[in-house]
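Morning, everyone. Please take a look at the model on the screen, and then I'll walk you through it.

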Amino acid sequence: MGYAGYVPAKLPPSKPTEVEAAVQAVKSVETLEVMGKLLYNCAVSPREDKFRRVKLTNKKVADTIGSTHGALEAMAALGWVADEANPQELVVREGTFFSMKEVRIVEAAKERLQKDMRSSSSKNLAAMVSVQA
């Protein structure tokens with residue numbers, strides 16, 4: 001039996017999970033890169049305590065995660081919590097482990113943001129060219 005000429009159904013995109021929505025709310029490529037690196041290190045070396053702890057006083061972390069709207073909320077949605085002993089640190093609780101799934105969520109959000117930025121800049125450029133003509 002062959003193809004009957006039916007048009008494939010276009011289903012609406014699935015709703016993002018709570019974690020995906022929180023990560024997609026971050027609108028900084030640099031912040032998403034830092035988050036991805038932190039998650040990657042924690043996923044690859046889950047038993048290393050140095051990768052399971054993030055100091056918010058670190059300059060790079062403060063400039064990206066600490067100052068970007070929605071970044072701390074995204075980190076919390078991913079599983080990072082404030083350390084009870086030192087509130088200036090985020091930690092991953094014992095028994096919580098990351099996989100490459102979380103890393104891919106951050107990478108997908110970063111790629112989507114870069115794509116949106118490229119398309120908006122090309123639209124702005126086209127608008128500028130049409131105004132000058």
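Start with the whole chain. It has 133 residues, and 31% of them count as buried. Keep in mind that this is a predicted model.

Now the elements. The chain holds 5 helices and 3 strands. Read from the N terminus, the order is α-α-β-α-α-β-β-α. What about contacts along the chain? Take those between residues at least 6 apart in sequence: 73% of them join residues at least 24 apart.

Next, the sheet. In what order do the 3 strands sit? The order is E1-E3-E2, in an open sheet with antiparallel pairing. Strand E1, residues 53-55, and strand E2, residues 80-82, stand at the edges. Each has a single partner strand, so one side of each is left without a neighbour in the sheet. On average, neighbouring strands here are turned by 30° against each other, direction ignored. And what holds such strands together? Strands of a sheet pair through backbone hydrogen bonds.

Look at E2 and E3. They run antiparallel, and 3 bridges join them. Find Ala-82: opposite stands Leu-90 in E3.

Stay on E3 and go to Glu-89. This residue belongs to the strand, which spans residues 89-92. Is Glu-89 buried or exposed? Its relative accessible area is 8%, and buried means under 20%, so Glu-89 is buried. Which side chain does Glu-89 meet in a polar contact? The partner is Arg-53, at 2.6 Å. Setting aside neighbours within four places in sequence, Glu-89 is also in contact with others, including Val-54, Lys-55 and Leu-56. Val-81, Ala-82 and Asp-83 are among its contacts too.

One more residue: Thr-68. Where does it lie? Thr-68 is in the loop between helix H3, residues 59-66, and helix H4, residues 71-78. What does its side chain reach? First, there is a polar contact of 2.8 Å with the side chain of Thr-31. Then there is the backbone oxygen of Thr-64, at 2.5 Å. Not counting residues up to four places away in sequence, Thr-68 touches Val-26, Ser-28 and Thr-31.

Definitions and conventions:
Residues numbered from 1 in each chain as written. Predicted model: local features only at pLDDT ≥ 70, side-chain atom pairs only at ≥ 80, totals over all residues. Heavy atoms only, no water. Helix = DSSP H or I, 4+ residues; strand = E, 2+ residues; numbered from the N terminus. Polar contact = N/O pair within 3.5 Å; in protein donor to acceptor, adjacent residues only side chain to side chain. Contact = heavy atoms within 4.5 Å. Buried < 20%, exposed > 50% of the residue type's maximum accessible area, 1.4 Å probe, protein only. Pairing = 2+ DSSP bridges. Axes fitted to C-alpha atoms, helices over the stretch in contact; angles between N-to-C directions.
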